[in-house]
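Please look at the sequence together with the structure before reading on.

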Amino acid sequence: MKGGWVYILECSDGSYYTGSTSLLEKRIWQHMEGVYGGYTAARRPVKLRWMQWSPDIRDAIALERQIKGWTRRKKEALVKGERMLLHLLSECKNESHCKKKLS
């Protein structure tokens, strides 16, 4: 089985896009050129903010799906490498719960 990348792009409107691919450099170029249309094509230019290699593409795809379900705040913690905040945000079940934990 071949490996793959999970990545997070920041779009020109400040939103995040999460994807996975086996060829990261080519895929980023495709996003920048708007090759496939869709979400990032309408929000160019994009910037690569985070990436992680997995030896198994299936694991990369699973992580992509997991990250897509995260809040913006949690994605930002991942991008910034704030592991403790990422862990804390993982424990938060709702906004009032998070406010108590983070204050």
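What follows is a short briefing, grouped by topic.

This is a predicted model, in which local features need pLDDT of at least 70 and side-chain atom pairs count only at pLDDT 80 or more, while totals for chains, interfaces and linings use all residues. Residues are numbered from 1 along each chain as its sequence is written, and side-chain values use heavy atoms, with hydrogens and water left out.

**Helix α1**
- In helix α1 (residues 24-33), the buried residues are Leu24, Arg27, Ile28, Gln30 and His31, where buried means under 20% relative accessible area, exposed over 50% and partly exposed in between (1.4 Å probe, protein chains only).
- These residues cover an arc of only 155° around the axis, which puts them on the same side of α1; the arc is that of the directions from the helix axis to the C-beta atoms.
- Glu25 and Trp29, on the other side of α1, are exposed.
- Helices (H or I, at least four residues) and strands (E, at least two) are DSSP runs, numbered from the N terminus.

**Backbone details**
- Arg44 and Pro45 are joined by a cis peptide bond, with omega about 0°, and Pro45 is found in the loop between α2 and β3.

**Salt bridges**
- The count comes to five salt bridges, each being a side-chain nitrogen of Lys or Arg within 4 Å of a carboxyl oxygen of Asp or Glu.
- One of them joins the side chains of Arg49 and Glu10 (2.7 Å, N to O), linking distant parts of the chain, since Arg49 is in strand β3 and Glu10 in strand β1, 39 residues apart.
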